[in-house]
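Please look over the model below. My notes follow as numbered points.

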Amino acid sequence: MAVKDKKKDKKEKKKKLPLGRTVSNIFFALRQVWETSPGYFIFYYISTMLYAPLDFLSGSFLLRLIVNGVEDGTPREAIITYLAVIASVTLIIHLVNRYYWNVVSAGKYQQIGARLRRKLFVKASEVELSCYETPEFYDKYVKAMDEAFDRVMKVMQTIDNFIWRMVTLLCNSFLIFIIDPVLMVFALLPLLLGFVRKWRNKLKHDHIAARKPVERRQKYVRRTFYLNEYAKEMRIGNMHTHMVGELDRTLKDFCALIRKYGWKRAIADYILEIGVSVVTVLGATLYAVWRALSDGGMSIGDCIVVVESISVISWALSNLVSTFAEFGEHSLFLDDVRFFLDYEPKIKDSENAVPAPTVCADIDLDKVSFRYEGAKEDTLHDISLHIGAGERIALVGQNGSGKTTLVKLLLRLYDPTEGSVKLDGKDIRDYTLGSYRDGYACVFQDFRMFSMSVSDNVLLRNPEEGDTELVDYAIRESGAYDRVSKLDKGVDTTLTREFDDKGANLSVGEQQKIALARAFARKSPIIILDEPSSALDPIAEHTMFDNMMKAAEGRTVLFISHRLSSAVDADRIFLMDGGRITEVGTHRELMEKGGKYAEMFRLQAENYIGKEARV
Ligand code: ADP
C-alpha cells in the first residue's frame, strides 16, 4: 500500500500540463461563472479594480501627500479636500460592495455551484458501470465531484489576486520611479531569490505529498471509530486498541516527516525573509535616508513612502510568481473535471435506435461471452438461451457462477464482449437505452434505501396521480404493510435518521420488503429479482413469492435465489456453473436428470430435514 502510494505521488508530482491546456482550463472555469451569471463575474473583478487603486491612494500616496504637504506648506484645504474625496469614495464602494456580496451575489454563488453540480450529476448517471471499476477513471471521477466547484471559484480568486497584485505593483512602482528610479533596483532584488523560492516551494510540495499517505491512514482510523458500519466489529476483540496503536504510528510518521523537511523549510524561509526585509527594505530605506540627509534630494514624505512602497512591491512581486503556480495547480484539477464531463459513455443510444416494445416479448441470448474490464478471463462463456414472453425463470447456481453478471447484461448495464442480447428478435443495442430499461422492474441483491419517504423509496420516481393507491398496493403485496402502517407518518415517514430525527431505521428484512415493493409498483413487462428473499424468514418468503407470481401474471419473471425451494414453481430453471448454463428444465426434469441441480436441491433439503430432526 505504502509503495503504491509513493508511486502514485511520484506520478502526480511529475504531472504538469502544457501552457495551452492550462489556459484553456482556466477559461473553462471562467466560462462556468460567466454562463451562470455575467453580472456576478463583472462585479467580482470591477470591485477589485476599484479597491486596489483605492488602497494605494488611501495608503502610500496619501501618506506622501500629507507629509510632503506639511513640509512644503501646501494649503490645508487641498489636503482636506483630497481626504474627503477618498473617504467618500471609500464609503460608497464599501456600501455597494457589502450590499452586493451579502444580498445579491449570495444566491448567484449557489446558482453557479448548483449548475456545475447538475452537469456532473447528469454525466455521472450516464457513464457506464464499468467506469466505476476502472481505477484511473474512478479517481478522476471522485476528484471531479469533490473539487469542481471549489476549483472554479479558486480560479476566480486567483485571477482576483493577480489583478490586485498587478495594480498594487504598478501604482507603487510608478511612485517609487518618480521619487528615484535607482530605488527600482532594490524593488527587483527579491526576484534574484527566485531559485530559493523555487526550492522552498518544492520542499513544501514534497512535504505535503509525503504526508498524504499518512493522512489517509489517519483518516481511515478516524472513520473506523465514528462510522456506524464499523461500530460492532470495533467492540469485539481488541480492534479499538489496534486502531489506537495505528494512530500512534501515524503520529510517529508525521514527526519523522517534520524532522526530514522542517529544518530545510526553516532555512529557505529564513533566506527569503532576510532577502526581503533586510536587503530590500532596509537597503532601500538606508538609501532613501542617505539621499534625504546628504544632499536634500529627497523629501521626508518621499523617504517614508519608500519604506512603505518597497515592501509592498516585493510582496506583490513574490506573490505574482506564486500566482502562476496556483494556476497550474487549479488547471490540473480542472483537467479531471473536463475529462469527466467530456467523457462519451460507451453504452448509449445508437444512431438509428428505436423505442423498445412496451409489451412482453421474447428474450434471447446469442453466444454471449463477457469479460470485466481488466479481468484476465471471461466471466460468461458462450451463453445462448431463450426466454419466452411471460415465462417464469429461476436462475440458480453457486456463488460466483455469473448469475448477477448475466442480469447486468440483460439490463444493458454492460454490453457483451461477444455475441448479442435480443428482445423481440432485435439486438437490444438497437433500442433506445431509456425505453429499453423502462421495460424492467428490478430488485437487486445489494439494494439501497434512500433517505426519503417510504413512498419515494417504493416509486423511485417523481410522484404522479394515483400513486397513493399504487404504493399501498405494492407494500401490501411485498409484506411491508404491517411495519409501515405502524410508522408515525405511514408511507410519508422518512427512511433513516440521517436528515430526520423522526425517521425510521428498518431492519434488513424490512428494508428488503420495501425494495420488493418497487417491483410490485412498476408495471413493466419484465421483472428481475436478484436474491429477493435472502433476508426474509421462510413464511414471509413464501407469501412474497406467491404474491409476486400473481402480480406478475402475463409478465416475464427472472429470479435468482439461493433457496432452491423457491425455484420449484418456476416454468423453467437455468443452472449456471462457471459462467455457463449447464442445466435447463423444470424442477421435475432436473431432478430426474440427477445432475448438479438435483444434488444441490437434495443437499438443501437434507439440511432442513436434519435441523428439524434435531429440534
Ligand atoms: P453470482 O451472482 O453468481 O454470485 P457474479 O455474477 O456476481 O456471480 O460474479 C461472477 C464472477 O465475476 C465472480 O468471479 C466475480 O468475482 C466476478 N465479478 C463480478 N463483478 C465483477 C467486477 N465488477 N469486476 C470484475 N469481476 C467481477
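1. Arg200 has a relative accessible area of 28%, so this residue is partly exposed (buried is under 20%, exposed over 50%, partly exposed in between; 1.4 Å probe, protein chains only). The model is predicted: local features need pLDDT of at least 70, side-chain atom pairs count only at pLDDT 80 or more, and totals for chains, interfaces and linings use all residues. Residues are numbered from 1 along each chain as its sequence is written, and side-chain values use heavy atoms, with hydrogens and water left out.

2. Arg200 pairs with Asp269 in a salt bridge, the closest N and O atoms being 3.5 Å apart (a side-chain nitrogen of Lys or Arg within 4 Å of a carboxyl oxygen of Asp or Glu). Asp269 is partly exposed at 30%. Arg200 sits in helix 8 (residues 194-226) and Asp269 in helix 10 (residues 239-294), so the bridge ties together parts 69 residues apart in sequence (helices are DSSP runs of H or I, at least four residues, numbered from the N terminus).

3. In total, the structure holds 29 salt bridges. Another one links Arg371 and Asp378, with closest N and O atoms 2.8 Å apart. Arg371 is partly exposed at 36%. Asp378 is partly exposed at 22%.

4. Asp427 and Arg429 also form a salt bridge, at 3.1 Å between the closest N and O atoms. Which is Asp427, buried or exposed? At 17%, Asp427 counts as buried. Arg429, at 25%, is partly exposed. Elsewhere, salt bridges with shared partners join Arg217, Glu246, Arg249 and Asp253 into one network.

Conventions:
Helix = DSSP H or I, 4+ residues; strand = E, 2+ residues; numbered from the N terminus.
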